[in-house]
Amino acid sequence: MKRDADCIFCKIVAGEIPSQKVFETDTVFAFLDIAPVKPGHTLVIPKEHFATLLEMDAALAGPMHEAVQKIAAAAMEATGAKGFNLQVNTHKVAGQLVPHVHYHIIPRHEDDGLSLWAQSPYDSDAAMQEVADKMRATITK
Ligand code: AMP
Ligand code: ZN
């Protein structure tokens, strides 16, 4: 299993840095975020070190997803939340500070003051078409 000697989340998995662990399997580890957006904010990580979602072994997607389902239900139950957001910040520009892939589970309540990103339509259908064409040409099977 790959490990990065300088990685804070690898150290948490190894028990070298304390955490409020809420769930663990042979491949997945989950613990409370130390600076939560809301109480119950949980980080789900593969035990193996992958810098971002793009490098993560796709075979781990199933175990990660199963963990999210269990932990999100538990976080809602524990905090009385009515829903949650699942977020994976990828690369610095998207707000990723820790380079060990992690899924944020953020419990949500009515009128909790959080908002999602602002959206707006494309300038034209052609502009939308152009982006879709470029993506279709790039995506590999
Ligand atoms: P991101 O900005 O997506 O990389 O998120 C990194 C998250 O890790 C932040 O929400 C931090 O609050 C959280 N974090 C950093 N160090 C620790 C730690 N030692 N224990 C728990 N959470 C941490
Ligand atoms: Zn790591």
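1. Let me start with the charged side chains: K21, E24 and K47 are tied together in a network of salt bridges. Keep in mind throughout that this is a predicted model.

2. How many salt bridges turn up in the whole structure? A search of it finds seven.

3. K2 and E48 are worth a look on your screen. Their side chains meet in a salt bridge, with 3.5 Å from N to O. This pair links distant parts of the chain, since K2 belongs to the segment before α1 (8-13) while E48 is in the loop between β3 (42-46) and α2 (61-79), 46 residues apart. On accessibility, K2 comes out partly exposed at 46%, and E48 is partly exposed with a relative accessible area of 22%.

4. Then there is R108 with D112, whose side chains form a salt bridge at 2.7 Å, N to O. Are these two buried or exposed? R108 has a relative accessible area of 18%, so it counts as buried. D112 is buried as well, at 13% relative accessibility. The cut-off for buried is under 20%, so R108 at 18% falls within it.

5. Stepping back to the overall layout, the protein chain has three helices and five strands. Reading from the N terminus, the order of elements is α-β-β-β-α-β-β-α. The C-alpha atoms fill a box of roughly 50 × 40 × 25 Å along the principal axes. Of the 141 residues in the chain, 30% are buried. If you take contacts between residues at least 6 apart in sequence, 51% of them join residues at least 24 apart.

6. Now the inside. The largest nonpolar core has 14 residues, and the ones touching the most other members are V44, M56, M64, I71, Y103 and I105. Elements giving two or more residues to this core are β2 (28-32), α2 and β5 (103-108). Which element gives the most? That is α2, with five residues.

7. Setting aside neighbours within four places in sequence, M64 is in contact with V28, V44, I45, P46, M56 and Y103. There is also a second, separate core of nine residues, and its members include C10, F29, I45 and V98.

8. What surrounds it? Beyond neighbours within four places in sequence, H100 is in contact with C7, F9, C10, I45, P46, K47, E48, H49, F50 and A51. You have already met some of these names: K47 is part of the salt-bridge network, E48 is the partner of K2, and C10 and I45 are among the members of the second core.

9. D57 sits in the loop between β3 and α2, and is partly exposed at 40% relative accessibility. A polar atom of the D57 side chain lies 3.0 Å from the backbone nitrogen of A59. For orientation, the C-alpha atoms of D57 and V13 are separated by 18 Å, with the two residues 44 apart along the chain.

10. Last, the outside. The protein chain exposes about 9,500 Å², and carbon and sulfur atoms supply 57% of that area. One nonpolar patch on the surface is formed by Y122, M128, V131, M135 and I139, which together have about 500 Å² of accessible area.

Methods:
Residues numbered from 1 in each chain as written. Chains lettered and ligands numbered in written order. Predicted model: local features only at pLDDT ≥ 70, side-chain atom pairs only at ≥ 80, totals over all residues. Heavy atoms only, no water. Salt bridge = Lys/Arg side-chain N within 4 Å of Asp/Glu carboxyl O. Helix = DSSP H or I, 4+ residues; strand = E, 2+ residues; numbered from the N terminus. Buried < 20%, exposed > 50% of the residue type's maximum accessible area, 1.4 Å probe, protein only. Patch = residues over 30% accessible without salt bridge, like charges linked within 9 Å, V, L, I, M, F, W, Y side chains within 5 Å. Areas by Shrake-Rupley, 256 points an atom, 1.4 Å probe, with all protein chains shown as cover. Core = buried A, V, L, I, M, F, W, Y, C linked by side-chain atoms within 4.5 Å. Contact = heavy atoms within 4.5 Å. Polar contact = N/O pair within 3.5 Å; in protein donor to acceptor, adjacent residues only side chain to side chain.
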